[in-house]
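Colleague: I'd like to go through this one with you and ask how you know what you say. Could you put it up on the screen?

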Amino acid sequence: MASELTWLGHGSWSIASGGQQILLDPFLDDSPVAPVKADQVAADFILISHGHFDHVADAQKIALRTGATLVANFEICEWFTAKGVEKTHAMNIGGGHLFPFGRVKMTIAHHTSMLPDGANGGQPAGFLISLPEGNVYFACDTGLFYDMKLIGAAGIALASLPIGDNFTMGPDDALEAVKLLNPQRVVPVHCGTWPVIAQDPERWAQRVRAETSAEPVVLRPGEKIRL
Ligand code: NI
Ligand code: MN
């Protein structure tokens, strides 16, 4: 069955691939836009990009309920281990590892990463995930960086890019990111959650269509995309 990716609003994704369920940055119970609650999602793996509350919020309770393996940088893995999460897999920028669903490479992100209690969350990251049908790049929270050109050289079937502005890239820089990455399809995320990151994703999609060869896909929280 084709890999299926469901946007859960904000920076949260649920990925079903090869019989495995992968959650990215689950922020559900306190998210004003999440279509599901933390006790409703399945997970074999939970990927965490950085330490901010809107990315780690529900990871502990989901990991404890499901027994999922939490994948993050070393500092974030240590923080969750101290909170009783039994299975973690620590990585760091530039490193990749083959998981049962595919290879995950941790990529750079220009952002910060302090954990909710003030603990050191290490360096923020993005993820390049190689699924059977193609590579999916989650930029996660970041500003624009020219090395996206290198990430794009892998060949990107689908990119998830923040367009919210204020905390991450805004629409203009995200458009530049599409040009550097040259993905087949691109989904705008990390917008619309709160007024400070309100954007018009449809308007952005029109610009992507006009100025790049990528196909923009605007999802509402809870909608899926198939690879
Ligand atoms: Ni953040
Ligand atoms: Mn964020």
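Colleague: Which residues line the largest cavity?

Modeller: Keep in mind that this is a predicted model. The lining is made up of Gly 11, Trp 13, Leu 24, His 55, Phe 138, Ala 139, Cys 140, Asp 141, Ser 160, Pro 162, Val 189 and His 190.

Colleague: What makes that space a cavity, and how many did the search find?

Modeller: It's called a cavity because a 1.4 Å probe fits there but cannot get out. Searching the whole structure turned up 1 cavity of 30 Å³ or more. The volume of the largest cavity is about 60 Å³.

Colleague: How many of the lining residues are nonpolar, polar and charged?

Modeller: The lining has 7 nonpolar, 4 polar and 1 charged residues. Asp counts as charged, and Asp 141 is on the lining list.

Colleague: What coordinates the nickel ion (ligand 1)?

Modeller: Asp 141 turns up again here: it gives an OD donor, alongside His 50 (NE2), His 52 (ND1) and His 111 (NE2), at 2.2 to 2.3 Å. A donor has to be within 2.8 Å of the metal, so these atoms qualify. Asp 141 also bridges the nickel ion (ligand 1) and the manganese ion (ligand 2), with 3.2 Å between the two ions.

Colleague: Why is the arrangement around the nickel ion (ligand 1) called irregular?

Modeller: Look at the angles: the 4 donor atoms subtend 89 to 179 degrees.

Colleague: Why does His 52 count as buried?

Modeller: Buried means under 20% relative accessible area, and His 52 has 19%, so it counts as buried.

Colleague: What makes you say strand E3 is mostly covered?

Modeller: Of the 5 residues in strand E3 (residues 20-24), 4 are buried.

Colleague: How does E3 pair with E2 and with E4?

Modeller: With strand E2 (residues 13-17), E3 pairs in the antiparallel sense over 5 bridges, and Ala 16 faces Gln 21 in E3. The two form a hairpin with 2 residues between them, where Gly 18 in the turn has a positive phi of about 55 degrees. With E4, E3 pairs in the parallel sense over 3 bridges; there, Ile 22 has Phe 45 as its bridge partner.

Note on methods: Residues are numbered from 1 along each chain as its sequence is written. Chains are lettered from A and ligands numbered from 1 in the order in which they are written. This is a predicted model: local features need pLDDT of at least 70, side-chain atom pairs count only at pLDDT 80 or more; totals for chains, interfaces and linings use all residues. Side-chain values use heavy atoms; hydrogens and water are left out. On a 1 Å grid over the protein atoms alone, a cavity is a set of points where a 1.4 Å probe fits but cannot get out, and a pocket is an open set with protein on both sides within 12 Å along at least five of seven lines; lining residues have an atom within 4 Å of a point. Grid points are joined across faces, edges and corners, and a volume is the space filled by probe spheres set on the points. Four donors count as tetrahedral if all angles lie between 85 and 135 degrees; four count as square planar and six as octahedral if opposite donors are over 155 degrees apart and all others between 65 and 115; anything else is irregular. Buried means under 20% relative accessible area, exposed over 50%, partly exposed in between (1.4 Å probe, protein chains only). Two strands pair if DSSP finds at least two bridges between them.
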